[in-house]
Amino acid sequence: MLRIAHRDFERICAQALAEYPHECCGLLVEEVPSGVSAAHACTNVQQPRHEEDPECYPRDASTAYLIDAGEQLRIVEEAEKAGSRIAGCYHSHIDCPAYFSDEDERRTWIFNCREAGDAPDDPDAMYLVLSVYGEETGSQRKVQGYKCFAWDGRRYAETGIEIV
Ligand SMILES: [Zn+2]
């Protein structure tokens, strides 16, 4: 189960709305021993990657996310220094529900070549997915829902979220 601070959850929602119609992304850093996670926003570099190399990155940022590697490294190093741990990551879905897509699942295997049933690289990582609906120019953007997914030993399944 993911335990997340209320103000951090609000921050993620604000980021998801602001970055619409692109998916937003970031890391969840769990404070030890409280077990409460904080949100660390990251840049979704999928769009520039897609524009530079559409063959290698066929999806644009409206259907995919890619966390900036430098930002990720900095957050991981800071978490280690503070005695915290990376609980997982979050991203938003644009105009579709908060579900764990095949693409999301593929992204949990670094080398993209797992056999069915293999455990992921980091079986403890949790994936928070938000669903944002709206219009590109309108003020009617809304976070419609959110779900968290974790590896249950056989597959990715929904897990609880506690906003504290
Ligand atoms: Zn997704």
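**The zinc site**

Me: Is His93 buried or exposed?

Reply: His93 is buried, since its relative accessible area is 4%. Buried means under 20% relative accessible area, exposed means over 50%, and partly exposed lies in between, computed with a 1.4 Å probe on protein chains only. Please note that this is a predicted model, in which local features need pLDDT of at least 70, side-chain atom pairs count only at pLDDT 80 or more, and totals for chains, interfaces and linings use all residues. Residues are numbered from 1 along each chain as its sequence is written, and side-chain values use heavy atoms, with hydrogens and water left out.

Me: And what coordinates the zinc ion?

Reply: The zinc ion is held by NE2 of His91, NE2 of His93 and two OD contacts from Asp104, at 2.0 to 2.2 Å. Donors are N, O and S atoms within 2.8 Å of the metal (3.2 Å for Na, K and Ca); because water is not among the atoms, sites may look incomplete. Along the chain, the donors follow the spacing H-x1-H-x10-D. His91 is also buried, at 1% relative accessibility.

Me: Why is the arrangement around the zinc ion called irregular?

Reply: The 4 donor atoms subtend angles of 59 to 157°, and the arrangement is therefore irregular. The rule counts four donors as tetrahedral if all angles lie between 85 and 135 degrees; four count as square planar and six as octahedral if opposite donors are over 155 degrees apart and all others between 65 and 115, and anything else is irregular. For reference, ideal tetrahedral angles are 109.5 degrees.

**Cysteines**

Me: New topic. How many disulfides are there?

Reply: The search of the whole structure finds 0 disulfides, a disulfide being a pair of cysteine sulfur atoms within 2.5 Å. For Cys25, the closest cysteine sulfur is that of Cys42, 5.8 Å away and too far for a bond. Cys148 is likewise in no disulfide, with the nearest cysteine sulfur, that of Cys89, at 9.6 Å.

Me: Are Cys25 and Cys148 buried or exposed?

Reply: Cys25 is buried at 0% relative accessible area, and Cys148 is buried with a value of 0%.

**Aromatic pairs**

Me: How many aromatic pairs are counted?

Reply: The count is 6 aromatic pairs. Rings of Phe, Tyr and Trp (its six-membered ring) pair if their centres lie within 6.5 Å; planes under 30 degrees apart count as stacked, over 60 as edge-to-face and the rest as tilted. One of them joins Phe9 and Tyr146, with centres 4.6 Å apart and planes at 65°, so this pair is edge-to-face.

Me: Which parts of the chain does that pair tie together?

Reply: Phe9 lies in helix H1 (residues 6-19) and Tyr146 in strand E6 (residues 142-151), so the pair links parts that are 137 residues apart in sequence. Helices (H or I, at least four residues) and strands (E, at least two) are DSSP runs, numbered from the N terminus. Phe9 is buried at 6%, whereas Tyr146 is partly exposed at 36% relative accessibility.

Me: What about Phe100 and Tyr156?

Reply: Their ring centres are 4.8 Å apart and their planes at 40°, so the pair is tilted. Phe100, Tyr127, Phe149, Trp151 and Tyr156 form one aromatic cluster.

**Helix H1**

Me: Back to H1. Which of its residues are buried?

Reply: The buried residues of H1 are Asp8, Phe9, Ile12, Cys13, Gln15 and Ala16. They cover an arc of only 160° around the axis, which puts them on the same side of H1; the arc is that of the directions from the helix axis to the C-beta atoms. The face turned away from the buried side carries the exposed residues Arg7 and Ala18.

**Backbone details**

Me: Finally, where are the cis peptide bonds?

Reply: One joins Tyr20 and Pro21, with omega about 10°, and Pro21 is in the loop between H1 and strand E2 (25-30). Another joins Val32 and Pro33, also with omega about 10°; Pro33 is in the loop between E2 and strand E3 (37-42).
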